[in-house]
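Work through the exercises below with the sequence and the structure at hand. Each task is followed by a solution in steps.

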Amino acid sequence: ISDLKSNLLKRDSKAEEGEKSSENIFRSFFKIPDLRIGISIYNEEENKFTKLPYEKANIGSFILHNNEEIECCNAFLGCSLNMLLEGKESISISNVATFATIPGNEKFGQILLSQDVKSCIFTPVIKDNKLLGVIELVSATPRQLNSINANNLNLILPNIVDTLERY
């Protein structure tokens, strides 16, 4: 956890090195070798998810995929958007292929599958009851990520909150 905190505090490090180092720390913490991370920033005024706003950001977003921004009502396309935005609760999808067969989840499921995402967790980053963004943990292996991992993410979330608040 202290390695993650140190890495998040390094603003001037090369973005690619920072991303790889952060991913390695998350991989070690969760013991998942193919874990990848993404971040979506929430713009409350426009009700949109956007990519990190600074040029050196090399951490992508699995929610946004190839888009710079997307309206929240379109991002999850029928899945548990209210749980994330209003309830401020994590969304865990342990098997994306199964999730994609549920009516209303097909499009978002296909977006994830097209990025080789087979299991994932989307966790809201909240400060003072305000949604700042979403941390995205994904794996190419079904059932690697689940609600138990989502609970473990809460241990390191305060460090992530402090970092995202700066942007």
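**Exercise 1. Salt bridges**

Task: State how many salt bridges the structure holds, and describe the one between Arg27 and Glu23.

Solution. The model is a predicted one, and it holds five salt bridges. In one of them the side chains of Arg27 and Glu23 meet, with an N to O distance of 3.4 Å. Last, classify them by accessibility. Glu23 has a relative accessible area of 5%, so it is buried, the cut-off being under 20%. Arg27, at 24%, is partly exposed.

**Exercise 2. A network**

Task: Which residues are linked with Glu46 in a network of salt bridges?

Solution. Begin with the pair Glu46 and Lys48, whose closest N and O atoms are 3.6 Å apart in a salt bridge. The network links Glu46, Lys48 and Glu69. Then compare the burial classes of the pair: Lys48 counts as buried at 17% relative accessibility, whereas Glu46 is partly exposed at 45%.

**Exercise 3. Another pair**

Task: Are Lys118 and Asp116 buried or exposed, or does each fall in between?

Solution. Lys118 and Asp116 form a salt bridge in which the closest N and O atoms lie 3.0 Å apart. Lys118 has a relative accessibility of 26% and counts as partly exposed. Asp116 has a relative accessible area of 38% and is also partly exposed.

**Exercise 4. The surroundings of Ser139**

Task: Is Ser139 buried or exposed, and which residues does it touch?

Solution. Ser139 is found in strand E6. It is buried, with a relative accessible area of 0%. Leaving out residues up to four places away in sequence, Ser139 touches Ile32, Asp34, Asp116, Val117, Lys118, Ser119, Gln144 and Leu145. The list includes Asp116 and Lys118, the two partners of the salt bridge in Exercise 3. It also includes Ser119, the residue that stands opposite Ser139. A polar atom of the Ser139 side chain lies 3.0 Å from the backbone nitrogen of Thr141.

**Exercise 5. Positive phi**

Task: Where do Lys31 and Asn129 lie, and what is the phi of each?

Solution. As background, most residues other than glycine have a negative phi. Lys31 is not a glycine, yet has a positive phi of about 60 degrees. Lys31 lies in the loop between H2 and strand E1 (36–43) and is exposed, with a relative accessible area of 70%. Asn129 is not a glycine either, and its phi is positive at about 60 degrees. Asn129 lies in the loop between E5 and E6 and is exposed, at a relative accessible area of 63%.

Notes:
Residues are numbered from 1 along each chain as its sequence is written. This is a predicted model: local features need pLDDT of at least 70, side-chain atom pairs count only at pLDDT 80 or more; totals for chains, interfaces and linings use all residues. Side-chain values use heavy atoms; hydrogens and water are left out. Two strands pair if DSSP finds at least two bridges between them. Helices (H or I, at least four residues) and strands (E, at least two) are DSSP runs, numbered from the N terminus. A salt bridge is a side-chain nitrogen of Lys or Arg within 4 Å of a carboxyl oxygen of Asp or Glu. Buried means under 20% relative accessible area, exposed over 50%, partly exposed in between (1.4 Å probe, protein chains only). A polar contact is a pair of N or O atoms within 3.5 Å; within protein, one must be able to donate a hydrogen and the other to accept it, and residues adjacent in sequence count only if both atoms are side-chain atoms. Contact means heavy atoms within 4.5 Å.
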